[in-house]
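Here is a quick walk through the packing in this protein, one spot at a time. Keep the structure open while you read.

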Amino acid sequence: MSTPHNHDFAAVDAVVAKSAATADFWAESSAAQRAGLLRGLATALEQQQAALVAIADRESGLGEGRLNGEVARTAFQLRGFASEVEAGVPYRQVDDQAITGAPPAGRPRLTRIQRSLGPVAMFSASNFPFAFSVLGGDTASALAAGCPVVIKPHSGHPELSRAVFDLAAGVVQAQGLPEGLLTLAEAPNRTAGTYLVQHPSIAAVAFTGSYQGGKALWQAANARSRPIPFFGELGSINPLVALPAALEKDSENLAKTLAASITLGCGQFCTSPGVIVLLESPHSQLFVAQLAEAIAPIATHRMLTPGMQQGFEAAAATVAANATPLFTPQADGAGPAPRLYATDAASFIANAHLREEMFGPAALIVTAKSVAQVVKVLDAVAGTLTTTLWGLDTDSDDNRQLLRAAQRVSGRVLFSGVPTGVAVCHAQQHGGPWPASTAPQTTSVGYAAIERFLRPVALQDAPNWVLD
């Protein structure tokens, strides 16, 4: 590796060495061992919930209600992956018995198995201090797949990260498991983070964060002499298409629902709806007025970090310079005041500045002249985690066009409700075409996430001891 060695890198080397020493043991561990660890982590997290939530609220300002819900989700995920392990998901085999005779009908015996990748570098997210952090879905799914995890904590919640890690290390020790199964790499800067990604013993990376940071690490993973999988979630503007037929039914309540979604968590959700696409219509005009009225007075809490607020203000200023503000933001309280901007579809399609993600309490309204133009708006988005389609209740050529466009650019398509809120289940897909994620065929939420950290291997004419 070409990067100069220093104290920070030595610390990374030490924890990765512990992780690598554990890899074979954990890859060959039993379902009972893996499930026991995952359930033990969930129980320990719940037992210290009150103290951990207090730390998280002090560091993030997200509020006890939101954070308690996040702990519940994190424990639910851990136990859910334990059940997947007990159901044999990471141990599945496909066995084709030998057939006597010449090819192509004749063949040797082939058994397809799944092999754990090895140590996973997990970069914690800023906006979910529990569910996408030390014991979040990436860690849970990697452990379930038989991979030790090197945790890179987020600088936005260092005290919480250390407290949760200490809790987890205690569970590992109490169960008599190797220390290297879960390690903490407190890389203090991007250079050390890049060093972690390029460490020869790291076999895969899971990342949730900014486009700039994620892209740099993805490039570092691919620049290795032996590139490794990089499962990154980088950014998403999550368009919501509201057809006049839907707005005609109940535009006022839809406006209030959407305003709450845009500002939920001070807009710091990766699935926050950032682009609202409407057709020219009196119903759309009324909806815009109702949405502006609903969102303008909403008071937000402080953002996760000063840097995040600076990033939001810069992105909002870029959009404001290329679109029309629909109201003057009220004086900022604890957090930044909500923003709402408007433009036409042709401008949105032509101007990349209007497609910049505003990671905060803001959205851009885009008005189109036709369904065909709405499709062009969605195509201009290129890649997003979600697309919401209101008003596609009946089968028609127009609705099929919209559905095809939504499926092209997003990993999850909603036909009602709002995209903020992601269920942990088998059918979930949390990923999308670039720049939403670097591996759109995978998900970071839901039980299919385990598949990221398993590699298929075909064994030909294997002796019985190999397959037992």
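## A covered helix

The buried residues of α5 are G137, D138, T139, A140, S141, A142, L143 and A144. That is eight out of eight, so helix α5, spanning residues 137-144, counts as mostly covered, with buried meaning under 20% relative accessible area. Keep in mind that you are looking at a predicted model.

After α5 comes G146, and its phi is positive, near 95°.

## Rings that pair up

A pair of aromatic rings is described by the distance of the centres and the angle of the planes. How many aromatic pairs are there, counting rings whose centres lie within 6.5 Å? The count comes to eleven. One of them joins F128 and F132, with 5.6 Å from centre to centre and 55° between the planes, which makes the pair tilted. Both partners are out of the solvent's way in the sense of the 20% cut-off: F128 is buried at a relative accessible area of 8%, and F132 is buried too, at 7%.

Another pair is F287 with W390. Here the centres are 6.4 Å apart and the planes make an angle of 80°, so the pair is edge-to-face, the class for angles over 60 degrees. F287 belongs to helix α10 (residues 282-295) and W390 to strand β13 (residues 384-390), so this pair ties together parts that are 103 residues apart in sequence. F287 is buried, with 0% relative accessible area, and W390 is buried as well, with 4%.

There is also an aromatic cluster to look for, formed by F123, F207 and F230.

## Arginines over rings

F128 turns up again here: the charged end of R73 sits over its ring, 5.7 Å from the centre. Over at F231, the residue lying over the face of the ring is R452, at 5.9 Å from the ring centre.

## Two helices side by side

Two packed helices are described by the angle between their axes and the distance between the axes. For helix α13 (residues 371-381) and helix α14 (residues 397-409), the axes come within 9 Å and cross at roughly 5°. That angle is under 35 degrees, so α13 runs roughly parallel to α14.

Which residues make the contact between α13 and α14? On the α13 side they are V371, A372, V374, V375, L378 and D379. α14 brings D398, Q401, L402, A405, A406, R408 and V409. Sorted by class, the contact of α13 with α14 holds nine nonpolar residues, one polar residue and three charged ones.

Is V16 buried or exposed? With a relative accessibility of 0%, V16 counts as buried. V16 lies in helix α1, which covers residues 7-27. Leaving aside residues up to four places away in sequence, V16 touches V150, L196, H199, S201 and I202. A42 is another matter: V16 and A42 are 26 residues apart in sequence, and their C-alpha atoms are 24 Å apart in space.

T388 has its place in strand β13. T388 counts as buried because its relative accessibility is 0%. What does T388 touch, again not counting residues up to four places away in sequence? Its contacts are P239, L240, V241, L414, G417 and P419.

Key:
Residues are numbered from 1 along each chain as its sequence is written. This is a predicted model: local features need pLDDT of at least 70, side-chain atom pairs count only at pLDDT 80 or more; totals for chains, interfaces and linings use all residues. Side-chain values use heavy atoms; hydrogens and water are left out. Rings of Phe, Tyr and Trp (its six-membered ring) pair if their centres lie within 6.5 Å; planes under 30 degrees apart count as stacked, over 60 as edge-to-face and the rest as tilted. Buried means under 20% relative accessible area, exposed over 50%, partly exposed in between (1.4 Å probe, protein chains only). Helices (H or I, at least four residues) and strands (E, at least two) are DSSP runs, numbered from the N terminus. A charge sits over a ring if NZ of Lys or CZ of Arg is within 6 Å of the ring centre and within 35 degrees of the ring normal. Axes are lines fitted to C-alpha atoms, for helices over the stretch in contact, and angles run from 0 to 180 degrees between N-to-C directions. Angles under 35 degrees count as roughly parallel, over 145 as roughly antiparallel, 65 to 115 as roughly perpendicular and the rest as oblique. Contact means heavy atoms within 4.5 Å. Ala, Val, Leu, Ile, Met, Phe, Trp, Tyr, Cys and Pro count as nonpolar, Asp, Glu, Lys and Arg as charged, and the others, Gly among them, as polar.
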